[in-house]
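A plain account in running paragraphs will do.

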Amino acid sequence: MQIGLLTYSTKLRGSVVHTLELAEALHQLGHDVTVYALDKDGKGFDRPLSCRQCLVPAAPAPASLDALIQQRIQEFVVALEQDLGSDVLDIYHAQDCISANALGILRQRQLIPHFVRTVHHIEDYSSPYLQQCQDRSIREADLCLCVSQEWQGELQRQYQIEAPRVYNGVNLTRFTAEVDGFESEVRQQYGLHGSPLYLTVGGIEPRKNSIALIQAFAQVLPHHPQAQLAIAGGSTLFDYHSYRDEFFATVQTLGIPDHSLIVTGVIPDPLLPALYRAADAFVFPSVKEGWGLVVLEAIASDLPVITSNQPPFIEFLSSEQALLVDPHVPQAIAQAMLTVIQPEIGRSLVQQSQSVLSTYTWSASAQLHLQHYAQLLKG
């Protein structure tokens, strides 16, 4: 098949990683894959791809978020029209609302016959325009896919759509417990000398539950004054400025020392696996995820994991494989952070969680996608 996979960014967030890993897995199975991505800084992806890529120039963002989304959709439309020529691909597959709206416009113009949309999670937008964009991207797709039972149920409840579930996976070539020499570089570059060192990946934003996490960490520090919390990542389309302000105001109020909290920003892709290996535990009390790819990456890196006792995490993790906590109770998160660094408990969690890795592979995900693509083409 000739397959086009579309993603809203070249910066590696969850759905972007999903796009690239799926593209590589489909390519390895012998299919002709093109990744289309909005590229706002002209630097492209932070990793090489074996398949074709079409980077879509993204102009500077206007002040209004609605105007930004409108502009990004149009940039996709223009680039895809130019790329189409007379060669229409078999499958056009959007991983987000923006690229799905662009594909909807192209289908309306009869330039493509159909499109696929993976729903990683459903947002609660305050903007009517953004909500309409999300609704269109889901309702107008010829095939909706999702990555968890949780969102299967929500698509049925909110949209009356039966969406087949496809797997997420983890790249066991990239994420491993085997040291490669970059660990000391990561520690030195970001000042990671804490003992213990807690890591979370995803930046500071509401659904990552960052404020509850920092409140929990403040309760850990009296027991472990040398501890550090590293918050990595954070490139996103949306502006969480007010939440970030509240987060740092909370840091000040709690009296957390500067050296105890490390906010790294976006980590260069080659350094991310070493960052996991530099940590002692992974803490991810998120309140909304499509799946939580970073949890699988942490497990593959032999880190004991703390995460939320809610879907989608409990779909693939048991209480023997991770410490599952109420994400709305900072004291519960703090207690888990103290528990997870006990050597016997940490070792047990790592050992028990390894079985998850063989189930969730990108090869299995690619095979499932191909089945659904074939059914769409038959229809």
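In helix 10, the buried residues are L293, V294, V295, L296, E297, A298, I299 and A300. The model is a predicted one. Eight of the eight residues of helix 10 are buried, so the helix is largely enclosed by the rest of the structure. Just after helix 10, D302 adopts a positive phi of about 65°.

What does a search of the whole structure find in the way of aromatic pairs? The search returns 10 aromatic pairs. One of them joins Y167 and Y360, which are edge-to-face, at 5.5 Å centre to centre and with 90° between the planes. This pair links distant parts of the chain, 193 residues apart. Y167 sits in the loop between helix 5 (149-159) and helix 6 (182-190), while Y360 sits in the loop between helix 14 (355-359) and helix 15 (362-378).

Are the two tyrosines buried or exposed? Y167 has a relative accessibility of 28%, so it counts as partly exposed. Y360 counts as buried because its relative accessibility is 9%, and the cut-off for buried is under 20%.

W291 and F316 form another aromatic pair, and this one is stacked: the centres are 4.2 Å apart and the angle between the planes is 20°. The angle falls under 30 degrees, which is why the pair counts as stacked. W291 lies in the loop between strand 10 (281-284) and helix 10 (293-300), and F316 lies in helix 11 (residues 313-316), so the pair ties together parts that are 25 residues apart in sequence.

Which residues do ring pairs link into a cluster? The cluster consists of F175, Y276, F282, F284 and F313.

Another part of the chain is helix 2 (residues 65-84), where A79 is found. With 12% relative accessibility, A79 counts as buried. A79 and W362 are 283 residues apart along the chain, and their C-alpha atoms are separated by 28 Å.

Taken together, the account covers helix 10 with its eight buried residues, the edge-to-face pair of Y167 and Y360, the stacked pair of W291 and F316 and the cluster that ring pairs form from F175, Y276, F282, F284 and F313.

Conventions
Residues are numbered from 1 along each chain as its sequence is written. This is a predicted model: local features need pLDDT of at least 70, side-chain atom pairs count only at pLDDT 80 or more; totals for chains, interfaces and linings use all residues. Side-chain values use heavy atoms; hydrogens and water are left out. Rings of Phe, Tyr and Trp (its six-membered ring) pair if their centres lie within 6.5 Å; planes under 30 degrees apart count as stacked, over 60 as edge-to-face and the rest as tilted. Helices (H or I, at least four residues) and strands (E, at least two) are DSSP runs, numbered from the N terminus. Buried means under 20% relative accessible area, exposed over 50%, partly exposed in between (1.4 Å probe, protein chains only).
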